[in-house]
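Trainee: Could you take me closely through one part of this model, the place where the two chains meet?

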Amino acid sequence: MVRRARRQVCGALLAALVLLAGPLAERADAQQGTLDKILKEKTFNIGYIPSPPGIIKDPRTGELSGFYIDAIRFVCEQMGVKPVFHEARWATFVAGLQSGQFDLSVAATFATIPRALAVDFSKPIHYLGYSAIVRKGDSRFKSLRDIDKPGIRVAVVQGAAGHEWAKQNLKNAQLVVLATADLTAPFVEVSAGRADVGIEDAWATRRYAAKHPEVVDLFAESPFNVLPIAWAVRKGDTQMLNFVNTVIDYLLINGKLREFAQKYGPSGRFQLKLVYEPVVAD
Amino acid sequence: MVGYTWHFGVVWEYREVFLRGALVTAKLTAGALAIGLVLGLLIGMAKSSRRAWLRVPATTYVELFRATPTLVQLVWIYYSLPILTGVQLGSFVSVTLGLGMNAGAYFAEIFRAGILSIDRGQMDAAKAIGMRHWQAMRRIILPQAVRRMIPPFINETATLVKLTTLGSVLAVYELLHESNNLITNTFRPLEVYTTLALAFFAIIYPIIYLSRWLERAWVARS
């Protein structure tokens, strides 16, 4: 009887040890540092969200391309590690970082203050503004001031940076907030006549207007709410953040990123102009 | 629609995208159905048991899965489970497992209702002629109960097909996610979603029709 009880206790302890072994090993990895882990395993887990032209997933072949993908592939080549790509959504990419599914998100994310509370953003890679879609022939709108009037329905994507901007700046217009990940949804509202104005990033507005003759891109030449686009790492992962910042400096300063972007044509993005001057003047 | 110009040519150009998505949707449904049926049978029988140590965990399982949103269950399995256990599951496995466990809770209720619908006297009679509980279940109760369970099972399967679209949240390339990616590349949401609706109708309607046909056939026979 005593022997049987002892055997059961030993069995239970063994099972507990096996169950704990996994998480403990993970924790040891976390203490070791993400970059050390990547170099040791020779595998870099990278999160992405398809968003052309920076990140394109070919609908036919499923192949990844885009200038952010080319850039991170170049970085992996320099590091001597294999990139492993994990797709995420805007609603879940933070969870992907936190749960360790991937160590870096190369999704072109607008670095805003509320988002910076959840993840650590890299230095800005590019800058992208917002624009608005209205129906062709709708002559009511010339400037942003014309949008913020009673009776004007403005469609935005819930949680997007454009929604934040609209909440802060449009006091009189009626907001139509769409709970979707589809960035074309505000424009469809305009096409369908359920909204007067659809707001999204200047690249999305430009592409939608090019394919839909019934609408026009209102601020194609002068986008508003210009925000930095950055990559993201897990909150508090300073080793990884320092590495990514160095990578971005390198890619921007030597023109590598511009070289990658050129292949995909205009993207509506901007970068800061670098002006060099001698450390000591002649 | 105010002056909208439809371009269904885009959909035709990318028709293989829908076929590939439909295949993944079918695989997700089949996997989840297999898990759901096994779990449903075991949990349904445990829930109708007189033994509390079987009945209480089974009831808790069913209530937990029925009272929480399926989307939350999937996200939890994919993102929270690795933090708690260190076990990383792929997105396809997570969705199949999550939908299977969710379907298991609903199937369990169908099994339980089916078993309870058979007169208790039949079990007593089977035991009286020397059958064990499981033998009586397998030979007497279940063959009758299954016939009553099939229509609700088929309805639940149709629901399961629609639930596979939640896989898009974890980037599983089923029909909806393939469509979303196509929209990102073509900027033609209305044409793509219209085709998506038709694709789901083509998958689900035969299932619903089968359910009605079976019901009618059995009513006629009885």
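Mentor: What follows describes the interface of chain A and chain B.

This is a predicted model, in which local features need pLDDT of at least 70 and side-chain atom pairs count only at pLDDT 80 or more, while totals for chains, interfaces and linings use all residues. Residues are numbered from 1 along each chain as its sequence is written, chains are lettered from A in the order in which they are written, and side-chain values use heavy atoms, with hydrogens and water left out.

Chain A brings 35 residues to the contact and chain B brings 36 residues, contact meaning heavy atoms within 4.5 Å. Between them the two chains bury about 3,000 Å², with 54% of it on carbon and sulfur atoms; buried area is the accessible area (1.4 Å probe) that two parts lose on being put together, summed over both.

Across this interface the rule finds 2 salt bridges, each being a side-chain nitrogen of Lys or Arg within 4 Å of a carboxyl oxygen of Asp or Glu. Glu13(B) forms a salt bridge with Arg60(A), and the closest N and O atoms of this pair are 3.9 Å apart.

On the side of chain A that touches chain B, at least two residues each come from helix H1 (2-32), strand S2 (56-57), helix H4 (93-98), helix H8 (185-191) and helix H9 (202-211), where helices (H or I, at least four residues) and strands (E, at least two) are DSSP runs, numbered from the N terminus. H9(A) gives the most to that side, with 4 residues.
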